[in-house]
Amino acid sequence: MKKYLLARRIVLSLMLILVICIMCVPGAGEFYAARLYPWISLVMSWCFSIIPFSLDEWVVICGVAFLLLYPVIALCRRKGVLAVIMNVAEFAVGIFVWFYLGWGCNYYRSSFYERAQIKMAEVDKQMFLEYMQMFTDSLNANYVSNDEFVDFDKCAVMNEVKDIYCNVPRHFGLQRPQSFQKPKYVVFNRLYSAVGVTGFMGPFAAESQLNDDLFPTQYSFVYAHETAHLLGVSSEAEANYWAYVVCRKSDSRLVRYSAYQQMLPYMLRSAYSVLSEDEYKRCYERIDKRVLGQLKDMSEYWSSQEVKLVADVQDLMYDAYLRCNKIQSGRKNYNQVVEMVMSEYSSQKQQGGRS
């Protein structure tokens with residue numbers, strides 16, 4: 001038994017050293033993302049694909065329960081304090097290693113700009129106005145009423161999104177999605193709605209989860225966003241970028257509309273900070289009022305689901321989590337998707353291409 005315990009702790013220590021090396025050694029994060037993660041996620045998602053519910057949910061629940069209850073139970077049974085501390089520490093290190101080797105080391109890969117081989121462009125007012133006009137025209141042209149989403153086929157959306165991801169150039173470093181990788185059922189959906197979580201990536205079982213309360217117009221974008229995380233993207237901004245790019249390339253107007261509608265709030269926030277008041281007003285007035293009506297209804301719905309205190313705590317925790325994992329902007333990282341889109345647009349203009 002002591003030999004087994006020693007061997008287990010040696011293996012765990014070696015894995016912890018590996019995680020630390022990936023975090024600290026230049027280039028190791030990209031090696032993990034490009035060479036190790038595709039196989040790790042492939043094996044985990046395949047093995048757990050037969051389970052319809054979210055394993056990650058239960059890993060977190062059971063993990064927290066163990067950390068809270070085990071010390072109390074062990075001490076009541078007169079187990080040595082040092083032994084209890086060692087067991088809790090070993091468990092915590094095991095979870096840490098599982099999280100980072102399972103997915104978390106993607107935070108330490110090369111940036112989107114390095115992989116895309118483009119420079120981050122400074123926001124140019126004239127160029128932004130030009131893109132905003134093109135964006136608004138596409139948004140209005142692809143408008144879909146709520147009634148048209150009655151026969152919305154989620155399976156068809158998932159298959160098409162995966163097909164489009166399969167055609168993303170290799171140098172972006174995204175792995176290829178698999179047919180058995182599908183969103184899992186979540187038990188605590190009400191809690192996610194209360195804190196405004198529309199979906200999340202599960203690092204412990206290489207699985208994605210979507211909120212059951214998603215509006216049909218949100219579904220395609222959120223699914224593509226969480227799929228980007230599953231394929232090795234850690235940045236929220238980059239996941240938004242891929243959701244926008246992938247859904248925009250769809251043959252389905254329903255999916256394309258989801259790309260533009262869900263991107264609109266980010267574009268408007270950027271427009272408010274970049275443009276003058278009159279310029280912003282003119283851009284806003286170009287938007288189809290039906291689109292704005294849908295967004296208002298959506299916002300009011302999610303606000304009605306939110307439990308403010310719980311949501312505020314979750315926001316603080318998630319912001320700290322992102323900052324601890326090289327996302328220095330924290331939750332503001334979501335909004336940086338516009339910088340990526342504009343940088344790509346600037347690069348295409350310089351090369352004589354079109355958006």
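In which helix is Ala-7 found? Ala-7 is found in helix H1, which covers residues 2-24, and the model in which it is placed is a predicted one.

**A tilted pair, Trp-58 and Phe-188**
- The ring centres of Trp-58 and Phe-188 lie 6.0 Å apart with their planes at 55°, so this pair is classed as tilted.
- Because Trp-58 belongs to helix H3 (residues 55-76) while Phe-188 sits in the loop between helix H7 (154-166) and helix H8 (189-194), the pair ties together parts that are 130 residues apart in sequence.
- Trp-58 is partly exposed, with a relative accessible area of 33%, and Phe-188 is likewise partly exposed, with a value of 35%.

**An edge-to-face pair, Phe-172 and Trp-242**
- Phe-172 and Trp-242 form an edge-to-face aromatic pair, with 4.9 Å from centre to centre and 90° between the planes.
- This pair links distant parts of the chain, since Phe-172 is in the loop between H7 and H8 and Trp-242 is in helix H10 (residues 236-248), 70 residues apart.
- Both Phe-172 and Trp-242 are buried.

**An aromatic cluster**
- One aromatic cluster is formed by Phe-96, Trp-98, Phe-99, Tyr-100 and Phe-204.

- Ala-7 is partly exposed, its relative accessible area being 40%.
- Between Ala-7 and Leu-67 there are 23 Å in space, taken from C-alpha to C-alpha, and the two are 60 residues apart in sequence.

Terms used:
Residues are numbered from 1 along each chain as its sequence is written. This is a predicted model: local features need pLDDT of at least 70, side-chain atom pairs count only at pLDDT 80 or more; totals for chains, interfaces and linings use all residues. Side-chain values use heavy atoms; hydrogens and water are left out. Rings of Phe, Tyr and Trp (its six-membered ring) pair if their centres lie within 6.5 Å; planes under 30 degrees apart count as stacked, over 60 as edge-to-face and the rest as tilted. Helices (H or I, at least four residues) and strands (E, at least two) are DSSP runs, numbered from the N terminus. Buried means under 20% relative accessible area, exposed over 50%, partly exposed in between (1.4 Å probe, protein chains only).
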